Amino acid sequence: MSRTEVSDDGFRRLLGHIEESLSFATSSYNDAYLDRRISARMRRRGVDGYDAYRSLLVDDSEEQRALLNSLSVNVTSFFRNPEVWEALREVLAELAGNGSGRVRVWSAACSDGREAYSLSMLAHDDDRIDPNRVSILGTDIKPEILDAARAGEYHASETNDVAAQLEPLSGNDRYVERDGDVYRVSEDVKSIVSFRRHDLVQERPPDTFDLVVCRNLFIYINSEAKQAIFDTLGSALSPDGYLTIGMTETVPPSCRDWFEPVEKRLRIYRNATGSPTP
């Protein structure tokens, strides 16, 4: 099924059902993104028409779960865009060198945890950083993906070349162990990472952080939700805190006074307000 127009009534009724009955905030996402994911499920189930698919969803709990898994944005890897992570290594080292307090890091929309664990690996890999002074919180809206993140186990069939992903580290075998088809994050790496559910659009930030990482989420969502999320991320930053977003993403014009570019090409910014933003 191929659709270039997603404004018909059946599509709107389907989105309303997904939002109300399945508690997935379709109103925060681009219609084109939603239509691609929904149409793929419709093809898989051999259903023609949005109303027919809505009827299927009413009683089919397996399809409900499959659709929610499809709609959730879970594209991730260890050290995605390595040059960004080399810059983040320097940010973490700077934060760790400022005083004797804890360095608090937030991996927002963390998916299956690989971004949060990448941050932990950096902390363990750099002699300038005491990992015992670093705490990393990974959050996501989806409980099932958080369960996978806490497990810290990734199958080779679901993960591209892990050895290549871990090249930014000096000795990656200390951080990820392979057992047959399974790559398992070490207990040392997991020890400074925790996970919890959080809705970036609806909820205030879970704490104040020295570094907030939220990468490759904004390309899927609409401008209203994007503004709400930047409000949340900005209000989570400590006075000298850093924010990192995806390399193809931009700060909304209404928020640009809040963030001073540190590495503009790499999308690394510092809090420009001297305090958490309103």
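What pLDDT does the protein chain average, and what percentage of the residues score at least 70? The protein chain has an average pLDDT of 87, and 90% of the residues score at least 70, where pLDDT is the predictor's confidence in each residue, on a scale from 0 to 100. This is a predicted model, in which local features need pLDDT of at least 70 and side-chain atom pairs count only at pLDDT 80 or more, while totals for chains, interfaces and linings use all residues. Residues are numbered from 1 along each chain as its sequence is written, and side-chain values use heavy atoms, with hydrogens and water left out.

Two packed helices are described by the angle between their axes and the distance between the axes. Helix α2 (residues 31–45) packs against helix α3 (residues 50–59) at an angle of about 75°, and their axes are 11 Å apart; the axes are lines fitted to C-alpha atoms, for helices over the stretch in contact, and angles run from 0 to 180 degrees between N-to-C directions. That angle makes α2 roughly perpendicular to α3, because angles of 65 to 115 degrees count as roughly perpendicular, those under 35 as roughly parallel, those over 145 as roughly antiparallel and the rest as oblique. On the α2 side the contact is made by D35, I38, S39, R41, M42 and R45, and on the α3 side by Y50, Y53 and L56.

Strand β1 contains S107, which counts as buried because its relative accessibility is 0% (buried means under 20% relative accessible area, exposed over 50%, partly exposed in between, with a 1.4 Å probe and protein chains only). Leaving aside neighbours within four places in sequence, S107 is in contact with E115, A116, L119, L137, G138, T139 and V213.

C110 is buried, with a relative accessible area of 1%, and C255 is buried at 0%. A search of the whole structure finds 0 disulfides, a disulfide being a pair of cysteine sulfur atoms within 2.5 Å.

Finally, I145 lies in helix α7 (residues 143–151) and is buried, with a relative accessible area of 11%. I145 and G113 are 32 residues apart in sequence, and their C-alpha atoms are 8.3 Å apart in space.

Key: Helix = DSSP H or I, 4+ residues; strand = E, 2+ residues; numbered from the N terminus. Contact = heavy atoms within 4.5 Å.
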